[in-house]
Amino acid sequence: MEIEPGDILSLKKKHPCGSFEWEVLRIGADFRLKCVGCGHQIMIPRKQAEKNVKNIKKQLANTD
């Protein structure tokens, strides 16, 4: 699964704030994700994150 920092992940379960979307801040053995709705940050194991992803919105590359 090709996930990079800056991508927006849509997960299967929603956050208590109501948002399904999370921004990827850091990748590695664990992912650091930030809720798009409220800004809450979490660390989640890579295996669990990849299992719960429904959709990936790629960040557009800056061409300046």
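The legends below describe close-up views of a predicted model. Residues are numbered from 1 along each chain as its sequence is written, and side-chain values use heavy atoms, with hydrogens and water left out. Because the model is predicted, local features need pLDDT of at least 70 and side-chain atom pairs count only at pLDDT 80 or more, while totals for chains, interfaces and linings use all residues.

**View 1. The sheet has 5 strands in the order 4-3-2-1-5.**
The sheet is open and its pairing is antiparallel. Strand 4 and strand 5 (53-57) are at the edges with a single partner strand each, so one side of each has no neighbour in the sheet. From one strand to the next, the twist averages 35°. Strands here are DSSP runs of E with at least two residues, helices are runs of H or I with at least four residues, and both are numbered from the N terminus. Two strands pair if DSSP finds at least two bridges between them. Strands of a sheet pair through backbone hydrogen bonds, either parallel or antiparallel.

**View 2. Strand 2 lies between two antiparallel partners, strand 1 and strand 3.**
Strand 1 is joined to strand 2 by 3 bridges, and I8 has E23 as its bridge partner in strand 2. Between strand 2 and strand 3 there are 4 bridges, and V24 has L33 as its bridge partner in strand 3. These two strands, 2 and 3, form a hairpin with 3 residues between them.

**View 3. Strand 3 (residues 30-35) pairs with strand 4 in the antiparallel sense over 5 bridges.**
In strand 4, I42 is the bridge partner of L33, and M43 is the bridge partner of R32. The hairpin of strand 3 and strand 4 has 5 residues between the strands, and G39 in this hairpin takes a positive phi near 90°. Buried means under 20% relative accessible area, exposed means over 50%, and partly exposed lies in between (1.4 Å probe, protein chains only).

**View 4. W22 is a buried residue of strand 2 (residues 21-26).**
The relative accessibility of W22 is 4%, so W22 counts as buried. C35 in strand 3 stands opposite W22. The C-alpha atoms of W22 and L9 are separated by 5.2 Å, with the two residues 13 apart along the chain. Apart from neighbours within four places in sequence, the contacts of W22 include I8, L9, H15, L33, C35 and I42. Contact means heavy atoms within 4.5 Å.

**View 5. S10 is in strand 1 (residues 8-11).**
S10 has a relative accessible area of 11% and is buried. Leaving out neighbours within four places in sequence, S10 is in contact with F20, E21, N52, V53, K54 and N55.

**View 6. I3 lies in the segment before strand 1.**
With 8% relative accessibility, I3 counts as buried. Residues up to four places away in sequence aside, I3 touches L9, V24, I27, F31, E50, I56 and K58. I3 and K58 are 55 residues apart along the chain, and their C-alpha atoms are separated by 8.2 Å.

**View 7. The largest pocket has a volume of about 170 Å³.**
Its lining consists of L11, K12, K13, K14, H15, W22, I42, I44, Q48, A49 and N52. Strand 4 (41-45) and helix 1 (46-52) are the elements that give two or more residues to this lining, and helix 1 gives the most, with 3 residues. By class, the lining has 5 nonpolar, 3 polar and 3 charged residues. Ala, Val, Leu, Ile, Met, Phe, Trp, Tyr, Cys and Pro count as nonpolar, Asp, Glu, Lys and Arg as charged, and the others, Gly among them, as polar. A pocket is found on a 1 Å grid over the protein atoms alone, as an open set of points where a 1.4 Å probe fits, with protein on both sides within 12 Å along at least five of seven lines; lining residues have an atom within 4 Å of a point. Grid points are joined across faces, edges and corners, and the volume is the space filled by probe spheres set on the points.

How values were computed. Axes are lines fitted to C-alpha atoms, for helices over the stretch in contact, and angles run from 0 to 180 degrees between N-to-C directions.
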